[in-house]
Amino acid sequence: MTADLSKGSRVSPLAAPLTAADIDEAAERISGVVTCSPLQFNERLSEATGANVYLKREDLQAVRSYKVRGAFNLMAQLSPEELAAGVVCSSAGNHAQGFAMACRSMRTHGRVYVPAKTPKQKRDRIRYHGREFIELIAGGSTYDLAAAAALDDVARTGATLVPPYDDLRTMAGQGTIAAEVLDQLDEEPDLVIVPVGGGGCIAGITTYLAERASSTSVLGVEPAGAASMIAALAAGEPVTLDHVDQFVDGAAVARAGALPYAALAAAGDMVALTTVDEGAVCTAMLDLYQNDGIIAEPAGALSVTALLEADIEPGSTVVCLISGGNNDVSRYNEVVERSLVHLGLKHYFLVDFPQEPGALRRFLDEVLGPGDDITLFEYVKRNNRETGEALCGVELSAATDLEGLLARMQDSDIHVELLEPGSPTYRYLT
């Protein structure tokens, strides 16, 4: 799914639009805290696409994501009175780490609201970076509920809110990535691919490139289950999604920011948006780890996922933003599972065995192929083993083996139902 921002926009101009000068000032402001992250040429991805592919390694920041840029740039501009009142933020995890690091460096007390499902690794890192200057509050099933709790805190206590994306100061800090990219390359890139959650990062990058580069395009990437910016562009204003897949937690935002939306809508045809399947993101994560030694979180792999699915001009120079590396190792079983399903190597079936002994043996001998491996087998009715319905997970050696497996199932006297991803029954498996 791709959205062309040059068509159908009904946005009014920003009252005080972000400028490249704002971003240059932000770069000076944060230079003592934020690392200029490496821009690394990637041979594997270059060979796969025919382009010259560079990875902007924001996963190598002290907080393992770019979010420290926006948080510190905003907080560095607060008055002594605003800092004394305390600061508050909501986050899926990465913004909170940047916020926590800024609080400790400025010796300012802050409160962080995160969804209850925020990975333990991210929660532990928030506490590590903030130490005694941070109070962490986890609750609610989504980022948007955490954001509502943070707003309620601000209303009750008079604390100062530090938004993760919907603030010009945050956007300016995140836009400093683009300034670094232009400094690091001998010539400006043809395309920059950026993950999109609330939209602050892509808005800052697009703003800078629109003024300081002559022909660079930007491709924003959202997870298919959380495409809030594409929905905003289609509606002509930010809208709230009815459902958000929380797997790509760093980009699982139900409503795009108003200021980032306005900046993108005003950018014209230099920027487009696309979505990628969460299973494809998992495959990209595993490839980055196994081939390049890069530990990317799901949101951090969005740009590379889109790169491999996009129509890239051979010989062009492409920069992919690896936005974060805060991935909890306990999630890797799910990452591998989603990748196998996406690649067509993992399938689930409900197998209704005939009411006679030996049916299971016939299924193993006559239906499964030599390269098929059973990874899950559970009788639905535990008191009716050998002669009842069972849930069976099968991993294939090649995706093309599925056709033969289905044909053998059809020819057998055993009734088998393929469970389709996305179906109500399938959801119980993931």
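This briefing describes salt bridges in the structure above. The model is predicted, so local features need pLDDT of at least 70 and side-chain atom pairs count only at pLDDT 80 or more, while totals for chains, interfaces and linings use all residues. Residues are numbered from 1 along each chain as its sequence is written, and side-chain values use heavy atoms, with hydrogens and water left out. The structure holds 19 salt bridges, a salt bridge being a side-chain nitrogen of Lys or Arg within 4 Å of a carboxyl oxygen of Asp or Glu.

**Between parts apart in sequence**

- Arg111 forms a salt bridge with Asp153, and their closest N and O atoms are 2.7 Å apart.
- Because Arg111 lies in strand β5 (residues 110-114) and Asp153 in helix α7 (residues 143-157), this pair ties together parts that are 42 residues apart in sequence; helices (H or I, at least four residues) and strands (E, at least two) are DSSP runs, numbered from the N terminus.
- Arg362 and Asp413 also meet through their side chains in a salt bridge, at 3.1 Å from N to O.
- Since Arg362 lies in helix α15 (residues 359-367) and Asp413 in the loop between α16 (401-411) and β15 (415-419), the pair ties together parts that are 51 residues apart in sequence.

- Lys120 and Asp124 form a salt bridge of 2.7 Å, N to O, and both lie in helix α6 (residues 120-130), four residues apart, which is about one turn of the helix.

**Accessibility of the Asp partners**

- Asp153 is buried, with a relative accessible area of 2%, where buried means under 20%, exposed over 50% and partly exposed in between (1.4 Å probe, protein chains only).
- Asp124 is partly exposed at 33% relative accessible area, and Asp413 counts as exposed at 53%.
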